[in-house]
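Work through the exercises below with the sequence and the 3D structure open. Each task is followed by a solution in steps.

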Amino acid sequence: MTPLAQMDAGQLLAARYNSTAVYFSDSDCVEYVKEDTFTIYERVDEFLTLVWDDTKLTLMGFKLKGFRYIFETQLKPIFELHDEQFLDLVTALEAVCKDVGATLTADHKRARAYKAAMKLAANDNVKLSGDFLMNAAA
Amino acid sequence: MSWFDPPHVPAPAHDDPDRSVTYAISPVYIERNAAVVRRTPVFQVWTHLVGALPPIPGIQTLARRRVTPTLTTLHDAVACFRGLARPLNGERRGESTLIYVLNPAVSIAYEPAMTCVARAVTVPPNTVLTVQVQPIETLPVDSHMVSGTVTRLEYVFSDSAESALPDSYQTRYLEKMWQRP
């Protein structure tokens, strides 16, 4: 199989979607989406957005926003301690929950959204790897 | 021109909708989507920002169908906001980010098929398209002619009282720059 970095535009059209978490540096967010299809984004709060399919019934993914702040304040020590190659996004979501703290227990809708994202991240074993972690850990 | 290399796009300026500016499409957005082989956002860049169907094999098949994607540019935006109200790199409230709002009726998505790997998608009710832009002051760009960089496209739920605008637009963004009647 041709490595993704060496694929041309024609090969990318035919290649299989790789459902994994991706960090977008200029919008500073980590995104996980299960399928390459039409999606709708639902803002939960300043850190979490849920991603739905076009029926608005099936959760397709989630987006963690302001990820550099989350990583620097909550995750970097854990990451360095375990010398990991990958970051489990359940851990990242738990870190955000710790950061927003008591406001979650008072807001059931938000709490449900975080639970749904964590369940999806756990079921799909969503991890972040690559340039972001190498650069951030340096 | 490759479908994975969309051109710069025209847009109304955030401080004067009657003045036209040019934005680049973020290379990061394109490259990171390519890294996971996610084609739908790039197809949507072509359709809703460039104003043309993506130049992929068999696209004429889609263009001839009864329902075809709505071709728009940012000049079709109904509103422009500033400030994402969330952390973004060095900004605690994403103060510099611009958000344009579009209301296309039909969008586009990837679909594995023999003739054409794009399909038209009727945009669900109560859904609008948002386009995030980092102005030139905060991001390096490759040309002095470019005023900023489009960093994301997202369909979002619309506001219950004002269906042309994003849900809770009053609180999710810091400032409304303009809105067209």
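The radius of gyration is taken here over C-alpha atoms, and the globule rule is 2.2 Å times the number of residues to the power 0.38. The model is predicted, so local features need pLDDT of at least 70 and side-chain atom pairs count only at pLDDT 80 or more, while totals for chains, interfaces and linings use all residues. Residues are numbered from 1 along each chain as its sequence is written, and chains are lettered from A and ligands numbered from 1 in the order in which they are written.

**Exercise 1. Overall form of chain B**

Task: Compare the radius of gyration of chain B with that of a compact globule.

Solution. Step 1: for 181 residues, the rule gives a radius near 16 Å. Step 2: chain B has 16 Å, which agrees with a compact globule. Step 3: along the principal axes, the C-alpha atoms of chain B fill a box of roughly 45 × 40 × 30 Å.

**Exercise 2. Elements of chain B**

Task: How many helices and strands does chain B have, and in what pattern?

Solution. Step 1: apply the criterion, in which helices (H or I, at least four residues) and strands (E, at least two) are DSSP runs, numbered from the N terminus. Step 2: this gives four helices and nine strands in chain B. Step 3: along the sequence they follow β-β-α-α-α-β-β-β-β-β-β-α-β.

**Exercise 3. Helix α3 of chain A**

Task: Which residues of α3(A) are buried, and where do they lie around the axis?

Solution. Step 1: a residue is buried if 20 or more other C-beta atoms lie within 10 Å of its own, exposed if 12 or fewer, and partly exposed in between, with C-beta atoms placed from the backbone. Step 2: by this count Leu89(A), Ala92(A), Leu93(A) and Val96(A) are the buried residues of α3(A). Step 3: they cover an arc (of the directions from the helix axis to the C-beta atoms) of only 95°, which puts them on the same side of α3(A). Step 4: an α-helix has 3.6 residues a turn, so residues three or four places apart point the same way. Step 5: after the helix comes Gly101(A), with a positive phi near 55°.

**Exercise 4. Helix α1 of chain B**

Task: Which residues of α1(B) are buried, and what covers them?

Solution. Step 1: in this helix, residues 27-35, the buried residues are Tyr29(B), Arg32(B) and Asn33(B). Step 2: their arc around the axis is only 100°, which puts them on the same side of α1(B). Step 3: their cover includes β1 of chain A, along with β2 (16-25), α2 (40-50) and β8 (148-157) of chain B. Step 4: Val37(B), which follows α1(B), has a positive phi near 60°.

**Exercise 5. Where the chains touch**

Task: Which element of chain A gives the most to the side that touches chain B?

Solution. Step 1: count contacts, that is, residues whose C-beta atoms, placed from the backbone, lie within 7 Å. Step 2: 32 residues of chain A are in contact with 38 residues of chain B. Step 3: α1 (9-14), β1 (22-24), β3 (40-43) and α2 (67-82) of chain A each give two or more residues to this side of chain A. Step 4: β3(A) gives the most, with four residues.

How values were computed: Contact = placed C-beta atoms within 7 Å.
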